[in-house]
Amino acid sequence: MMIMGLLLPLMIGFASAKLDYSNSLQGAILSTILFPAFLLALLRPKLLVSYTLLIWAIAPELRRIIDWSQDVYHSVSLLSLAPLLTGATLAIPVLREIHKIQKSSTRIILLFAVALVYGAIIGLTKNGMGSVYDLANYIVPLLLLPYFAVTRFKPKDIDRLLYTFANIAVMVAIYGIIQYLTVPPWDAFWMRHADMLSIGTPYPLEIRVFSTLNSPGPAATFLVFALVPMILEKRWQGTLRWIGVLLVVICLLTTLVRSAWLVLVVMLLMYIGSSPSKGKWKTLIQLVFVASLLFWIVPKLPGAEGLVARVETLSSVKEDQSYNERLSLWQNMLPMVAANPVGEGIGSVGQSTKLGNSGELGEYGNMDNGVIALLLTFGVLGAVFFFGALGTVAKQILTRVTSKDIWQPYARLALAAWTGAVVSLVSDNGFPGLKGYLIWMLIGLGISAREITQSRKKELPHAAVERKIAPH
């Protein structure tokens, strides 16, 4: 396995040398990104998730810079695979220590596996190669569950991971604010060619910020899932502490993604609601502090009028065009789903539809309802297993939350992430791709990391007895 891990980046580099200059450069960058991931997977698996988070955050920006430098726009790029291939290296420590997985984790994995196999079979017959890419977007994030179940994380290791996550989010936020004020030429180049009218125009203060991510939605998702731990616990805030929190919040505002604020509020309330009484008051005071600073700072920002106007629409949801479009989508698509209980298969919804449609989004490329997206993808049978797996995850999290030990804060964070993921289904299916990676990371560190430590404790007394009775 070590030999294969070292050879694969070299194979990619060799293959890229046979391609044209543009694809060759992308292949070389891709192999450069993958090589550290393989080394970490083999030698320092605890650091692997931090590295993959960095790649998820910066790979889209690297792609834009490369396209701009060559004056060629690629609707489908080799660098788009960087986060998935980097995340796939999680399989290395999983396969090496797979015997350590407990039955509770195995049950969850099997339920998801049934849904994915069913969706993949339907998808391969209907959607071709798009289903392979989409399947990878489901599987790679789910690898985090067995990864945390077999990698011996201590609380300080998880704290370090969340600390790093916060620092990456602050970096994304700082670049996002710069993007809002100046619009770098490579970002403007991408906006002009990507034909995404919903993200504004490529001029300062007229852009919906996407920072180093693909679009405002993923940028807001990345910031929200980092912001929740940053607000809740001091040890998870990152190097800049409260200054970093404010930078992330300001950048989140400039994305103009209102559904992200819904997820943020739900996650914070769930964590606070499951906290001990003493912890609740401390966290509420911190929230009041952040809200007060925002109330004072936001009106003084450049382009504040647009930001404030966007936030004010939250108070009149029924008059909002986006809300009405989502309501109409639910009313129109539900009969279609009922008429097709088998489903369209994996690869029928989202960005993967580009692969079988000349780089253009397919019929269900933009699906602003996560429940409908899952039903379309997995059909009724597959959806039963998928939602059954989500229910099993929730049951395990609640078991962890009620146990008063050093792992309880991480279990509460997992509960917050699970709740935020389910609530966000009103706007999109967040389980594949980046959002899925963040969801399963926070859930995995809350339930699976504790598992491996508990199993280790059970082994220790037996090992001690064996040492006592062993002949000298």
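Modeller: Happy to. One term before we start: two residues are in contact here when they have heavy atoms within 4.5 Å. Please also keep in mind that this is a predicted model.

Let's begin with helix 11 (residues 216–232) and helix 12 (residues 241–255). In general, two packed helices are described by the angle between their axes and the distance between the axes. For helix 11 and helix 12 the angle is about 150 degrees, and the axes lie 9 Å apart. Helix 11 is therefore roughly antiparallel to helix 12, since an angle over 145 degrees counts as such. Their crossing is left-handed.

Helix 11 contributes Pro216, Ala219, Ala220, Leu223, Val224, Leu227, Met230 and Ile231. Facing them from helix 12 are Trp242, Gly244, Val245, Val248, Val249, Cys251, Leu252 and Thr255. Sorted by class, the residues of this contact are 14 nonpolar and two polar, with no charged ones.

Moving along, helix 12 also packs on helix 13, at an angle of about 140 degrees and with the axes 8 Å apart. That angle makes helix 12 oblique to helix 13. Val249, Leu252 and Leu253 of helix 12 make the contact with Ala260, Trp261 and Leu264 of helix 13. Here the classes come out as six nonpolar residues, no polar and no charged.

Helix 13 itself (residues 258–273) has 16 residues, which at 1.5 Å a residue should span 22 Å; its end C-alpha atoms are 23 Å apart, in agreement with that. Its buried residues are Arg258, Ala260, Trp261, Val263, Leu264, Val266, Met267, Leu268, Tyr271 and Ile272.

Most residues other than glycine have a negative phi. Serine 211, though, has a positive phi, near 50 degrees. Serine 211 is also buried, with a relative accessible area of 0%. Aspartate 71, in the loop between helix 3 (48–70) and helix 4 (82–88), likewise has a positive phi, near 55 degrees, but aspartate 71 is exposed, at 59% relative accessible area.

Methods. Residues numbered from 1 in each chain as written. Predicted model: local features only at pLDDT ≥ 70, side-chain atom pairs only at ≥ 80, totals over all residues. Heavy atoms only, no water. Axes fitted to C-alpha atoms, helices over the stretch in contact; angles between N-to-C directions. Helix = DSSP H or I, 4+ residues; strand = E, 2+ residues; numbered from the N terminus. Parallel < 35°, antiparallel > 145°, perpendicular 65-115°, else oblique. Left-handed = near helix turned anticlockwise from the far one by under 90°. Nonpolar A, V, L, I, M, F, W, Y, C, P; charged D, E, K, R; others polar. Expected span 1.5 Å × (residues − 1). Buried < 20%, exposed > 50% of the residue type's maximum accessible area, 1.4 Å probe, protein only.
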